[in-house]
Amino acid sequence: MKKHFLIFLLIILTISTFALPGKWFRDMIKYYREAYDLPSDEDLIQDIEDAILDASKETGIDPLLITSIIVVETEFRNVIGMHGELGMMQIKPETAEFVANLYKIQTPQEGWNRILWDFKLNIKIGSYYLKYLYDKFHNITDAVKHYNGGTYKEQYAQKILAKYKEMLKVASVNERNS
């Protein structure tokens with residue numbers, strides 16, 4: 001079953017390259033942020049979308065996969081996790097430092113705690129970390145499974161991939177209707 005699901009994902013990725021976000025995507029971000037009474041003005045929502053698209057272009061990771069991680073991890077909130085993970089993509093400062101050294105990304109003057117409130121940097125670092133894991137394991141399932149450092153890696157990967165599959169369907173419907 002897992003093998004068929006992975007083949008399905010690869011076919012979708014190959015055919016469409018990347019499903020493009022648009023109004024439906026910005027509406028989704030706004031929906032999640034408004035559920036927590038967080039700022040969700042058009043400029044901020046556009047900045048979040050742009051950060052995801054920029055990270056996708058830099059890393060070659062589908063923006064909808066990046067978004068799936070954000071949705072499952074934090075629903076577009078800048079939060080501190082139980083084990084020191086920071087920001088929308090829940091990256092630990094030591095992971096950020098590792099990724100930055102690996103991909104020659106400049107360390108912020110304020111240090112890596114900046115990834116808590118700088119969502120653009122957080123999304124960039126989180127996406128590069130996902131790229132590192134994909135390059136290491138050569139498949140999406142294992143990359144996503146290892147993105148989470150916790151005990152329930154299998155369940156975590158299933159949640160991410162289910163959200164990703166859902167977003168691919170929504171993107172496909174919206175592309176056909178636009």
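Q: What does it mean to call Y32 and F76 buried?
A: Buried means under 20% relative accessible area, exposed over 50% and partly exposed in between (1.4 Å probe, protein chains only). Y32 and F76 both fall in the buried class. This is a predicted model, in which local features need pLDDT of at least 70, side-chain atom pairs count only at pLDDT 80 or more, and totals for chains, interfaces and linings use all residues. Residues are numbered from 1 along each chain as its sequence is written, and side-chain values use heavy atoms, with hydrogens and water left out.

Q: How many aromatic pairs does the ring rule give?
A: Rings of Phe, Tyr and Trp (its six-membered ring) pair if their centres lie within 6.5 Å; planes under 30 degrees apart are stacked, over 60 edge-to-face and the rest tilted. The count comes to seven aromatic pairs. In one of them, Y32 and F76 have centres 6.1 Å apart and planes at 35 degrees, and the pair is tilted. Y32 is in helix α2 and F76 in the loop between α4 and α5, 44 residues apart, and the pair links distant parts of the chain.

Q: What makes the pair of Y103 and Y128 tilted?
A: Their ring centres are 4.8 Å apart and their planes at 45 degrees, so the pair is tilted. This pair too links distant parts of the chain, with Y103 in helix α5 and Y128 in helix α6, 25 residues apart.

Q: Why is Y103 called partly exposed?
A: Its relative accessible area is 22%, so Y103 is partly exposed. Y128 has 11%, so Y128 counts as buried.

Q: Why does Y134 count as partly exposed?
A: Y134, in helix α6, has 32% relative accessibility and therefore counts as partly exposed.

Q: What makes up the largest nonpolar core?
A: A nonpolar core is a set of buried Ala, Val, Leu, Ile, Met, Phe, Trp, Tyr and Cys residues joined through side-chain atoms within 4.5 Å. The largest one has 49 residues, and F76, I123 and Y147 have the most contacts inside it. Helices α2, α3, α4, α5, α6, α7 and α8 each supply at least two residues of this core.

Q: How do you know that R77 lies over the face of Y36?
A: A charge sits over a ring if NZ of Lys or CZ of Arg is within 6 Å of the ring centre and within 35 degrees of the ring normal. R77 lies over the face of Y36, at 4.1 Å from the ring centre.

Notes: Helix = DSSP H or I, 4+ residues; strand = E, 2+ residues; numbered from the N terminus.
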